Amino acid sequence: MLKVVVIDSDTGSWTALRRTVIEGHATAVAEYETVSEAFLTIASHRPDLAVVEVTDDAAATDVATASAIERLTRTLPETAIVASGPIHSAEFVIQVMRAGAVEYLRRPIEAKDLSAALAKVGRTRRGITPEVRSCHTTAVFSPTGGVGVTTLAITLAMVLADKSTRRVLLLELDTRPSDVMTFLDISPPYSVADAIRNIDRMDESYIQGVVVKYDNGLSVLTAPHGVEPGPFEGERVQMMLEILRAHFDHIVIDCRHDYDTGTLAALDAAETLLLLSAPNVGSIRSAAAALSAFRQTGIDASKVKAVISRERTGVHVDAKHVKQTVGLPLFWATPNDYASTVSAINNGRPLTAAAPRSKLMVSVRGLAEKLAAMGKPSASKSKPSLLRRLSWK
Ligand SMILES: Nc1ncnc2c1ncn2[C@@H]1O[C@H](COP(=O)(O)OP(=O)(O)O)[C@@H](O)[C@H]1O
Ligand SMILES: [Mg+2]
């Protein structure tokens, strides 16, 4: 049983919550009307979960502000904090999440949203790691198209979803018509453009509504059916990723082949950046230019891993050339496996299902293992972020 404390000025609301939801899943060990009152004794209850009403009025003392959430996180390092508030701006929600909340529920709290939050905390508590926010984001990028970014992103996400019970999201971050839809033969009603437009509504139930679940449990959020009128704003992409990070354990991003601010924000947010190039001089030079563009925009180059796609299709281009031109050791090379990839695309099935024993599948499984073995680089990134370093309008 999870031990829950509730800090909420509306006693009626938490009494109702306790009756309808908490009973059976958890026990309410303490209830407080004000956050100042809670600070006096809350630590003695050693709760697993605290459901806390929040406000964006920074001067408030009775209702928790983002800084009160930060203080609660410090006071209760083992406790998962679920914030509940009215529909605030996305900036406020992110502030609260950064302060340490694992979830933001809109008020009035709906039973199903609280149940989902409780289930999530329960999962974490049963796991071996007490770390609550442990999402790892892998961005797959190539400065030019046709190199195999989408193929690799889909296959890697499928492998990750197949081999674990972790929640994996494949995110196709593009404003142009989706390729992932074609590759997987799916036609989702919503796209990443809807998520970015509705960022203020992105709670657990909205996210579950906007993604589609593939057969193996992989969540997929594709690019739109048509062309979006403008590029995605970097700031909104960053916000979306911050929110998604609280809901998934691994996010694989199929990036567009461009240096637009939305793509740069995703590359900045990722913990691992797979920089793909084809084994030819032009593509490797583009990869070298990409790496210097990352450095210029302040993207951490140490997370960039050079990957050659379709190894041995190029003549005399190998790891040595990558090292010399890009300045990075070759991290991985995928084999040229045209027959399997084209048959997978033509059948609208991922390689994991269409050609599970193909050369490319063996290679991507190896890549997934190598990535997992690297461990998780710290999720805490030094601020200011790229977004602040770039000059936004
Ligand atoms: N490892 C590979 N071997 C052979 N063909 C590949 C490989 N990866 C991708 N392809 C093929 O290359 C084409 C472009 O792949 P895609 O994944 O759409 O690239 P991108 O997203 O970089 O534009 C597709 O026809 C795909 O089947
Ligand atoms: Mg693509």
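## Strand β6 and its neighbours

Strands β6 and β10 (residues 250-255) run parallel to each other and are paired over five bridges. In this pairing, alanine 139 has isoleucine 253 of β10 as its bridge partner. The model described here is predicted. Strand β6 also pairs with strand β11 (residues 272-277), again in the parallel sense, and here four bridges are found. In general, the strands of a sheet are held in pairs by backbone hydrogen bonds, and the pairing may be parallel or antiparallel.

How many of the six residues of β6 are buried? Six of the six are buried, so the strand, which covers residues 136-141, is largely enclosed by the rest of the structure. The side chains of a regular strand alternate between the two faces of its sheet. In β6, His136, Thr138 and Val140 point one way, whereas Thr137, Ala139 and Phe141 point the other way. The residues of both groups are buried.

## The eight-stranded sheet

Strand β6 belongs to an open sheet of eight strands, whose order is β8-β9-β7-β10-β6-β11-β12-β13. The pairing within this sheet is mixed. Its edge strands are β8 (212-213) and β13 (330-335), each of which pairs on one side only.

Strand β10 stands between β7 and β6 in this order. Strand β7 (residues 168-173) runs parallel to β10 and is joined to it by six bridges. On this side, leucine 171 has isoleucine 253 of β10 as its bridge partner. Isoleucine 253 is also the partner of alanine 139.

Strand β12 (residues 304-311) contains arginine 310. The phi angle of arginine 310 is near 60 degrees, which is a positive value in a residue other than glycine.

Cysteine 135 has a relative accessibility of 5% and so counts as buried. Cysteine 255 is buried as well, with a relative accessible area of 3%. How many disulfides does the structure hold? The number is zero. A disulfide is a covalent bond between the sulfur atoms of two cysteines.

The loop between β10 and α11 (261-269) includes aspartate 260. Because its relative accessibility is 13%, aspartate 260 counts as buried. The side chain of aspartate 260 is joined to that of arginine 256 by a polar contact of 3.5 Å.

## The five-stranded sheet

A further open sheet has five strands in the order β2-β1-β3-β4-β5, and its pairing is parallel. Its edge strands are β2 (26-32) and β5 (101-106), and each of these pairs on one side only. On average, neighbouring strands of this sheet are turned by 20 degrees against each other, direction ignored.

Strands β1 and β3 (residues 49-53) run parallel and are joined by four bridges. Valine 6 stands opposite valine 51 of β3. Aspartate 8 is found in the loop between β1 (2-7) and α1 (11-22). Is aspartate 8 buried or exposed? With a relative accessibility of 2%, aspartate 8 counts as buried. Its side chain makes a polar contact of 2.9 Å with the side chain of arginine 107.

## Helices and one further loop

Helix α2 (residues 35-41) includes valine 35, which is buried at a relative accessible area of 3%. Valine 35 and threonine 61 are 26 residues apart in sequence, and their C-alpha atoms are 7.4 Å apart in space.

The axes of helix α4 (residues 90-98) and helix α10 (residues 234-245) come within 10 Å and cross at roughly 45 degrees. This angle makes α4 oblique to α10. The crossing of α4 past α10 is left-handed.

Aspartate 185 is located in the loop between α7 (180-184) and α8 (192-197). Although aspartate 185 is not a glycine, it has a positive phi of about 50 degrees. Is aspartate 185 buried or exposed? Its relative accessibility is 60%, so aspartate 185 counts as exposed.

Definitions and conventions
Residues numbered from 1 in each chain as written. Chains lettered and ligands numbered in written order. Predicted model: local features only at pLDDT ≥ 70, side-chain atom pairs only at ≥ 80, totals over all residues. Heavy atoms only, no water. Disulfide = S-S within 2.5 Å. Buried < 20%, exposed > 50% of the residue type's maximum accessible area, 1.4 Å probe, protein only. Helix = DSSP H or I, 4+ residues; strand = E, 2+ residues; numbered from the N terminus. Pairing = 2+ DSSP bridges. Polar contact = N/O pair within 3.5 Å; in protein donor to acceptor, adjacent residues only side chain to side chain. Axes fitted to C-alpha atoms, helices over the stretch in contact; angles between N-to-C directions. Parallel < 35°, antiparallel > 145°, perpendicular 65-115°, else oblique. Left-handed = near helix turned anticlockwise from the far one by under 90°.
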